[in-house]
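Trainee: I am new to this one. Can we go through it by question and answer?

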Amino acid sequence: MVAIGLCWNGMSKPYVVDGNKKVTAQYFIDNVMSPMVMKDIPRLYPKNPKEITVHFDSAKSHVAILTQNWMEENHPNYIPQDHWMANSLDLAPLDYAISGILKTILGGRKVITKAGLNKVLQGVFADFDLEIIRRSLSS
């Protein structure tokens, strides 16, 4: 599994989850959310990182009380679960448009190791057209 954050100013670093790991709330906080909030958001929005609103999907590690509590303490500007929109092509274009494009780009790549996957992802993300993300956000 690969986790990424998408926003108007670009993408977070890709976070590759070891295939043998169970993504618990603590794993998600330690290995994805914390670096995203502490490093990626400030890199993408250096003038106002605390003002950026974070949105999740409904993965168990995202809806866990531990995750919600961590967000309250570390980045309280997030959309709580009871305000999330329904799963819909019309309501969540990033989930469908960008994920589909990335899956298509990555689908033909043969990767054997986690390090190899990281290398491929870095190249794909470095070359990804920011206007595609912006068009999806504007739709």
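Trainee: What percentage of the 139 residues in the protein is buried?

Mentor: First, a caution: this is a predicted model, where local features need pLDDT of at least 70, side-chain atom pairs count only at pLDDT 80 or more, and totals for chains, interfaces and linings use all residues. Residues are numbered from 1 along each chain as its sequence is written, and side-chain values use heavy atoms, with hydrogens and water left out. Buried means under 20% relative accessible area, exposed over 50%, and partly exposed in between, with a 1.4 Å probe and protein chains only. By that rule, the buried share of the 139 residues is 36%.

Trainee: Which pattern does the protein follow along the sequence?

Mentor: Helices (H or I, at least four residues) and strands (E, at least two) are DSSP runs, numbered from the N terminus. The protein has six helices and four strands. Read along the sequence, the pattern is β-β-β-β-α-α-α-α-α-α.

Trainee: What radius of gyration does the protein have, and why does it agree with a compact globule?

Mentor: The C-alpha atoms fill a box of roughly 40 × 35 × 30 Å along the principal axes. The radius of gyration is taken over C-alpha atoms, and the globule rule is 2.2 Å times the number of residues to the power 0.38. For 139 residues a compact globule would come near 14 Å, and this agrees with the protein's 15 Å.

Trainee: What share of the contacts with a separation of 6 or more joins residues 24 or more positions apart?

Mentor: Contact means heavy atoms within 4.5 Å. Among contacts with a separation of 6 or more, residues 24 or more positions apart account for 61%.

Trainee: Why are helix 1 and helix 3 called roughly parallel?

Mentor: Axes are lines fitted to C-alpha atoms, for helices over the stretch in contact, and angles run from 0 to 180 degrees between N-to-C directions. Under 35 degrees counts as roughly parallel, over 145 as roughly antiparallel, 65 to 115 as roughly perpendicular and the rest as oblique. The axes of helix 1 (residues 25–44) and helix 3 (residues 65–74) come within 10 Å and cross at roughly 25°. The pair is therefore roughly parallel.

Trainee: Which residues of helix 3 make the contact with helix 1?

Mentor: Helix 1 brings Ala25, Gln26, Phe28, Ile29, Met33, Ser34, Val37 and Met38. Helix 3 brings Leu66, Thr67, Trp70, Met71 and Asn74.

Trainee: Is threonine 67 buried or exposed?

Mentor: Threonine 67 lies in helix 3. Leaving aside neighbours within four places in sequence, threonine 67 is in contact with Ala25, Phe28, Ile29, Ser61 and His62. Its relative accessible area is 0%, so threonine 67 is buried.

Trainee: Which residues does asparagine 9 contact, leaving aside neighbours within four places in sequence?

Mentor: Asparagine 9 sits in the loop between strand 2 (6–7) and strand 3 (10–11). With a relative accessible area of 30%, asparagine 9 is partly exposed. Its contacts are Leu44, Tyr45, Leu130 and Arg134.

Trainee: How many Å separate the C-alpha atoms of leucine 137 and tryptophan 8?

Mentor: Leucine 137 lies in helix 6 (residues 130–138). Leucine 137 counts as partly exposed, at 35% relative accessibility. Leucine 137 and tryptophan 8 are 129 residues apart along the chain, yet their C-alpha atoms are separated by 7.3 Å.

Trainee: Is alanine 115 buried or exposed?

Mentor: Alanine 115 lies in helix 5 (residues 114–127). With a relative accessible area of 55%, alanine 115 is exposed.
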